[in-house]
Amino acid sequence: LHTAEGKFKQAGTDYENAYQRLASNPLIVAGGANAAMESHDLNLAQRWLQRASPKMNASPQVQREKERFLTFKCQYEESAKLGYSVLEKLPHDREGVVYLAYDLYYLGRLEEALALVNRYEPVIPNDKDLPLIAGNVYAHDGNLKAALENFTLALERDPKMAPGYVNRGFVLNDLREAEKAARDFQTALKL
């Protein structure tokens with residue numbers, strides 16, 4: 001609850017207390033790493049993940065947090081491998097899908113990223129990141145109409161998503177809709 005409320009220091013204290021009581025619980029390590037990453041403290045996240053025993057490393061929750069950590073560290077190939085492992089064990093895990101799709105995109109495996117998005121869009125409907133990733137793939141491929149549709153869908157799902165406005169702004173600019181592009185860029189700056 002403290003992590004969800006943005007009270008990361010309290011969340012860290014709670015996880016540390018839980019770890020002192022039950023150091024073998026992989027959910028405590030995963031939760032501590034998650035809270036650290038949510039607070040943008042990658043050093044602390046790494047310390048949490050280093051606490052995982054080999055048995056704990058088999059936990060899909062710990063694997064998901066390692067996947068996320070590796071994505072933040074730009075180690076996309078290793079992260080993608082973990083992402084596929086997480087999805088085998090937790091086929092409806094939103095974070096595992098999203099981080100894997102980003103990893104594939106960053107690796108230039110665009111068809112694979114788009115296939116993953118299309119496969120999971122019905123499984124985790126209303127997710128804001130999946131159309132954002134699809135929009136990036138379509139923009140990369142020069143399919144501006146599909147990119148625009150996906151960025152717009154992402155913004156409908158989360159109107160406070162600055163990257164959605166920026167990405168859509170670039171597409172609108174490429175479509176020679178300068179006024180609309182400028183509005184999107186201005187909106188992104190306000191967020």
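## The largest pocket

Helix α6 gives the most to the lining of the largest pocket, with 5 residues. This is a predicted model, so to speak a computed picture throughout. The pocket itself holds about 310 Å³ of space. Its lining has 14 residues, and R94, Y99, Y102, K128 and D129 are the closest to the centre. Besides α6 (94-106), the elements that give two or more residues to this lining are α4 (60-72) and α8 (129-141).

Sort that lining by class and you get 8 nonpolar residues, 5 charged ones and 1 polar one.

R94 sits in helix α6 and D129 in helix α8, so the bridge ties together parts that are 35 residues apart in sequence.

Are the two partners buried or exposed? R94 is partly exposed, at a relative accessible area of 27%. D129 has 12% relative accessibility and counts as buried, because the cut-off for buried is under 20%.

## The second largest pocket

Next comes a pocket with a volume of about 170 Å³. It is lined by 13 residues, and those nearest its centre are N34, R64, E65, R68 and E95. Which helix gives the most to this lining? That would be α2, with 5 residues. The elements that each supply at least two residues here are α2 (26-38), α4 and α6, and both α4 and α6 also give two or more residues to the lining of the largest pocket.

## Charged pairs and a network

How many salt bridges does the model have? The count comes to 15. One of them joins R64 and E65, whose side chains meet at 3.4 Å, N to O. R64 and E65 are both buried, and both are among the residues nearest the centre of the second largest pocket.

Another salt bridge links K180 and E177, with 3.1 Å between the closest N and O atoms. Here K180 is partly exposed, with a relative accessible area of 43%, and E177 is partly exposed too, at 29%. Then there is a network: salt bridges that share partners join E38, R64, E65, R68 and D93.

## The overall fold

Stepping back, the protein has 11 helices and 0 strands. Along the sequence the pattern simply reads α-α-α-α-α-α-α-α-α-α-α. The C-alpha trace spans about 60 × 35 × 25 Å along its principal axes.

Of the 191 residues, 43% count as buried. The accessible surface comes to about 10400 Å², and carbon and sulfur atoms account for 52% of that. As for contacts between residues at least 6 apart in sequence, 49% of them join residues at least 24 apart. The bridge between R94 in α6 and D129 in α8 is a pairing across the sequence as well, with 35 residues separating the parts it ties together.

Note on methods
Residues numbered from 1 in each chain as written. Predicted model: local features only at pLDDT ≥ 70, side-chain atom pairs only at ≥ 80, totals over all residues. Heavy atoms only, no water. 1 Å grid on protein atoms, 1.4 Å probe; cavity = no way out; pocket = protein on both sides within 12 Å on 5 of 7 lines; lining within 4 Å. Points joined across faces, edges and corners; volume = space filled by probe spheres on them. Helix = DSSP H or I, 4+ residues; strand = E, 2+ residues; numbered from the N terminus. Nonpolar A, V, L, I, M, F, W, Y, C, P; charged D, E, K, R; others polar. Salt bridge = Lys/Arg side-chain N within 4 Å of Asp/Glu carboxyl O. Buried < 20%, exposed > 50% of the residue type's maximum accessible area, 1.4 Å probe, protein only. Contact = heavy atoms within 4.5 Å. Areas by Shrake-Rupley, 256 points an atom, 1.4 Å probe, with all protein chains shown as cover.
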